[in-house]
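Me: I'd like to learn how to read a structure like this one. Could you walk me through a few features?

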Amino acid sequence: MKVPAVITLINKASLLAFFLNFLGFYCILLVFANLNLLEFSRYVTVPLRILIVSCLCMGFIKRQKYNVGGSTLLFLLFAVLYFLRILTDALLDRNLYISYQQVFFYFLTFGFIPFLAIRHTSFRVDALIAMREWFFVSAFAFSLLATLSYAKFIGQVGRLTSGVSTDDLISPLILSYCSALVLGVSMNLWLTTTRKKFREKMSLIVLMLLALTPFFLGASRGSIFAIALPIIFLVITNRKAVANLKVLFASLIALIFLVIISDYFGSNIFDRFLNMFSDSNSSSTAGERVLIWKQSLSQFYSNPIIGDRMELVGYNIYPHNIFIEVLQNLGVLGFVPFIGLIFIGIKECFLLFRNHREFCWIGVFFLQSLSQNMFSGAIYNASWFWFSLALVISVRLSLKTQKRYTTDELSTSM
């Protein structure tokens, strides 16, 4: 896609990193899965991660001025404590399901560099418009590839897991959260863009329909929360009661449609969601998740100030909740700067929704990533979370300092 010439080199590099960090990466993963070459995907994914980091570093190095605000200081404090935890556990030779070297480089490339680089990038309005277009290119590509690849499983399985086929399949969590992001951003634009052209309306409808296949086959409970949270933000930041009624009515119609069509897909996503609390006392995945959280919290209680260790005793995995994981790993000492970052992210997201509604779709990335990491993912590999947290802070502050833009400027093809 041609990027407008007025976009700075820093913004161009950030746009490419944005494209690859979110759905672009998973489009490539789907291609490997279709070729039954997932076991060789690391030969491409590792260079892609290096490319993302290189783009971000290039933009970061070319900046001539750095304003170290509260979010940067909080993140640096959190990062130092996390790196010290990695070093301490490695020196004490504590068990972990992956090597501490991997944890270090994952956090460095998935969290540390992306956050600092994006946080200190100033985004022009034209760069944000280009970002929206780049996202829709990757969204169409992902949704179309996923639909073509897995349409044969529609009505056959409640959830697309590795046990249902001998072919290479990507994780149902990837299918679910990527499609939830597509649906969330599309719904947000539908509800907030007042002057949509017919072509834009049809593009959004086609995109949302294509995203239904991976959404239902992924069947993750967390994806429902991920879609719901931005809608809640739309309502609480809207000053007009009539507009809120429209949002709530459209959301209700969409929910009814999803429930009805889920039967056609044979998806058990709503059954899994409704049975979440009853399953928490059983041997299901939800019940096991609760046991994991209890174990992680018990380790926090034993060392509440500085945390216990990275290892989740008795389990060969991470806690699957970033808040609980921070408490276990870093105790109150690390939780304070972390919760401070979350507060700043939510505050900036709130202001973005209220004062810059044309760009509040960017807040969807952060809100969905936050929801996702309350049910899955770890501190060190939460690439969407760290990237989107820095992005929503940087974009809101960038828009605050720029001249007012017109609706015509924002109306571009999708």
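Reply: Let's begin with helices: DSSP runs of H or I with at least four residues count as helices, runs of E with at least two as strands, and both are numbered from the N terminus. This is a predicted model, where local features need pLDDT of at least 70, side-chain atom pairs count only at pLDDT 80 or more, and totals for chains, interfaces and linings use all residues. Residues are numbered from 1 along each chain as its sequence is written, and side-chain values use heavy atoms, leaving out hydrogens and water. Here the protein chain has 16 helices and 0 strands.

Me: What span should helix 8 have, and how far apart are its end C-alpha atoms?

Reply: The expected span is 1.5 Å times one less than the number of residues. Helix 8 (residues 221–236) has 16 residues and should therefore span 22 Å; its end C-alpha atoms are 23 Å apart, which agrees. At its start, a side-chain oxygen of Ser-220 comes within 3.3 Å of the backbone nitrogen of Gly-222.

Me: Which residues of helix 8 are buried?

Reply: Buried means under 20% relative accessible area, exposed over 50%, and partly exposed in between (1.4 Å probe, protein chains only). The buried residues of helix 8 include Ile-224, Ile-227, Phe-233 and Leu-234. Across the 414 residues of the protein chain, 54% count as buried.

Me: Is Leu-252 buried, partly exposed or exposed, and why?

Reply: Leu-252, in helix 9 (residues 241–265), counts as partly exposed because its relative accessibility is 46%.

How values were computed. A polar contact is a pair of N or O atoms within 3.5 Å; within protein, one must be able to donate a hydrogen and the other to accept it, and residues adjacent in sequence count only if both atoms are side-chain atoms.
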